[in-house]
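Here is a walk through some helix packing and some charged pairs. Have the structure open while you read.

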Amino acid sequence: MLYIFDMDGVLLDSMPLWEHLGIDYLKRNGREPKTDFRDRVIKMSMPEAAELLRSEYGFTCSAPEIIKGLDSLAEEFYTTTAPMKSGADKALEKICAAGGRCVILTATDRPLAEIALERTGLKKFFCRIYTCTELRLYKSSPKVFEKVLELENTDPKDAVVVEDAWHAVQSASLAGIPVLAIYDASSKNHWEDIQRTAKRALSDWSQF
């Protein structure tokens, strides 16, 4: 069985960073976020967020330059602080002991993901890391999950997506992949929808 793990909000208690990263970037550059900014940007990859900042907040620098600025704000957090969600390591040990094969699919850029997974000791459980930026596909579409299945030569029925975000749960379900949902406070407003859609939903890893 192939397990396609999200990282932020599933393995790491890191969603608060992403909830505030864009807002911090705007304020450091003398701009105020619109009222719907958080709800929109939380669903985005770095390139998508950079394009939003360019198109709606008057930045004249390039998207790669904006990404570099966002990365610099995030790097210290992932290098020193981002905590593992309690019990995630034990769940991964059980999956691997049962013969499961685990990969990461994250909207976070590779350097930050690798730093955090290495620091928390979780990297050893994963045979590959896929990022939305490198695939040029995003979790708002089932195509990103279909691409990972293609690269892993796996049928949807032989895979499980492990997610916390409502839009990603929807997309994985549309790709025909069963979803194991893990609660994260960032998705609390959609938890009932997630529970209805996912094959199984856990309030935390202790329930696995």
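This is a predicted model: local features need pLDDT of at least 70, side-chain atom pairs count only at pLDDT 80 or more; totals for chains, interfaces and linings use all residues.

Glutamate 114 is partly exposed, at a relative accessible area of 27%. The partner of glutamate 114 in a salt bridge is arginine 110, and their closest N and O atoms are 3.4 Å apart. Arginine 110 also comes out as partly exposed, because its relative accessibility is 24%.

## A neighbour of arginine 110

Arginine 110 turns up again in the surroundings of threonine 131. Leaving out residues up to four places away in sequence, threonine 131 touches Thr106, Thr108, Asp109 and Arg110. Threonine 131 belongs to strand β3, which covers residues 128–131. Is threonine 131 buried or exposed? With 1% relative accessibility, threonine 131 counts as buried.

## Helix α6 against helix α4

Back to helix α6, this time for its packing. Helix α4 (residues 63–80) packs with helix α6 (residues 110–120) at an angle of about 15°, and the axes are 8 Å apart. That angle is why α4 counts as roughly parallel to α6. The crossing of the two helices is left-handed.

Which residues do the touching? From α4 come Asp71, Ala74, Glu75, Phe77, Tyr78, Thr79 and Thr80, and they meet Leu112, Ile115, Ala116 and Arg119 of α6. Sorted by type, the residues of this contact are six nonpolar, two polar and three charged.

## Helix α1 against helix α3

Another helix pair to look at is α1 (residues 15–28) with α3 (residues 46–57). The angle here is about 35°, and the axes of α1 and α3 are 12 Å apart. α1 passes α3 in a crossing that is right-handed.

On the α1 side, the contact is made by Trp18, Leu21, Tyr25 and Leu26, and on the α3 side by Met46, Leu53 and Tyr57.

How many salt bridges does the structure hold? The count is 16. One to zoom in on joins the side chains of glutamate 163 and lysine 139, at 2.7 Å from N to O. This pair links distant parts of the chain: glutamate 163 lies in strand β4 (residues 159–163), while lysine 139 is in the loop between α7 (132–135) and α8 (143–151), and the two are 24 residues apart.

## A network, and a pair of neighbours

Some salt bridges share partners, and in this way Lys34, Asp36, Arg40 and Glu56 are joined into one network.

Then there is the pair of arginine 38 and aspartate 39, which form a salt bridge with their closest N and O atoms 2.9 Å apart. Arginine 38 counts as partly exposed because its relative accessibility is 28%. Aspartate 39 is partly exposed as well, with a relative accessible area of 47%.

Technical notes
Residues are numbered from 1 along each chain as its sequence is written. Side-chain values use heavy atoms; hydrogens and water are left out. Axes are lines fitted to C-alpha atoms, for helices over the stretch in contact, and angles run from 0 to 180 degrees between N-to-C directions. Helices (H or I, at least four residues) and strands (E, at least two) are DSSP runs, numbered from the N terminus. Angles under 35 degrees count as roughly parallel, over 145 as roughly antiparallel, 65 to 115 as roughly perpendicular and the rest as oblique. A crossing is left-handed if the near helix is turned anticlockwise from the far one by less than a right angle, and right-handed if clockwise. Contact means heavy atoms within 4.5 Å. Ala, Val, Leu, Ile, Met, Phe, Trp, Tyr, Cys and Pro count as nonpolar, Asp, Glu, Lys and Arg as charged, and the others, Gly among them, as polar. A salt bridge is a side-chain nitrogen of Lys or Arg within 4 Å of a carboxyl oxygen of Asp or Glu. Buried means under 20% relative accessible area, exposed over 50%, partly exposed in between (1.4 Å probe, protein chains only).
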